[in-house]
Amino acid sequence: MFHSFKKELKSDDDEDVTVVIYTLADDSEGYDTVTEDARTKSNQQIQHTGGDTAWSRCYRVTAVCVLLLCVLLLTAVTVLWIRFTILNTENNQLQTSYNNLSIERDQLQTSYNNLTIERDQLQTSYNNLTIERYPLQISYNTLTKERDQLQIRYNTLTKERDQLQISYNTLTIERDQLQKVREEFQRLSKQGFIYFSSSVYYISTEEKSWTESRDYCRERGADLVIINNKEEQEFISKILSRRKAWIGLSEGDREGEWKWVDGTPLNTEFWGQSEPNSAAGEEDCVVIHDHTDPVWNWADYPCDVQFIWICEKTVVI
């Protein structure tokens, strides 16, 4: 059942959903692949019930699709409601901050107006009472300094507010980026990808040639795996469980010049014993197989031989 599911991932999205549900429906009715030949032989005996069975399967597929659509819609509504609530709360907080700053501005404006009034009064007193000018001038200067200090404090608070706003915007952007990464991980996980060290890997369940394997990976936004270090080599060997699989390494135009699928030359090598050897003639592509050693286990093979393959896609966090 699992093998059939992996094969159908090659088709477009609409066919993916239909084939998976159709396979599960067959399993629930006790469908057994071992008895397929027997059913084929007795096909003439059950032709009169074929229409009902097809209708029943179509009905179940339709019902499951509708149910899945409802679940998706409910999930989308829930996510949108949560996002709306968060944004509404943030908006209220910003509005409160704005109101507080407006009150402070009005208070400072009032203080400024009061100082202006006092200044005019002092000027009048100066004109009328020259003798008292000096003490009044001192009072005036003191009030002016206090005003300047308040202005400095106001400017400082304004800068701090702007810095907090910048920090808030930065955190919001980082949150959105992390959300996108999380959604991407969930999508790739559903497709069978495995995460390791900022990349995700997919191991096929069917066998193809090296070129066909690479086409499969590139159609899904990935490419055949590029092994950069020993840790990645050990990880790939572990998840393969002693199976042979194509990797993204092949021989270039010149004999003995090995290159990865991104065009970079081979620097870190993990060839098995006596490899590469071109034992079958033109062996220009490379497989990995953990038969004896989990690290030194590369071998060259003809590119048209069919093996499973490993796709790799880099995930930017």
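**Close-up views of a predicted model**

Cys65 counts as partly exposed, at 29% relative accessibility (buried is under 20% relative accessible area, exposed over 50%, partly exposed in between; 1.4 Å probe, protein chains only). This is a predicted model in which local features need pLDDT of at least 70, side-chain atom pairs count only at pLDDT 80 or more, and totals for chains, interfaces and linings use all residues. Residues are numbered from 1 along each chain as its sequence is written, and side-chain values use heavy atoms, with hydrogens and water left out.

**View 1. Cys65 and Cys58 are in no disulfide.** A disulfide here is a pair of cysteine sulfur atoms within 2.5 Å. For Cys65, the nearest cysteine sulfur is that of Cys58, 9.4 Å away. Cys58 is partly exposed, with a relative accessible area of 43%.

**View 2. Cys217 and Cys311 form a disulfide.** Their sulfur atoms are 1.8 Å apart. Cys217 lies in helix 6 and Cys311 in strand 8, so the pair ties together parts that are 94 residues apart in sequence (helices, H or I of at least four residues, and strands, E of at least two, are DSSP runs numbered from the N terminus). The S-S torsion is about -80°, so this disulfide is left-handed. Cys217 is buried at 0% relative accessibility, and Cys311 is buried at 2%.

**View 3. Cys285 is joined to Cys303 by a disulfide.** The torsion about the S-S bond is about 95°, so the disulfide is right-handed. Cys285 is buried, whereas Cys303 is partly exposed.

**View 4. Helix 6 spans residues 210–219.** Its buried residues are Trp210, Ser213, Arg214, Tyr216 and Cys217. On the other side of helix 6, Arg218 and Glu219 are exposed.
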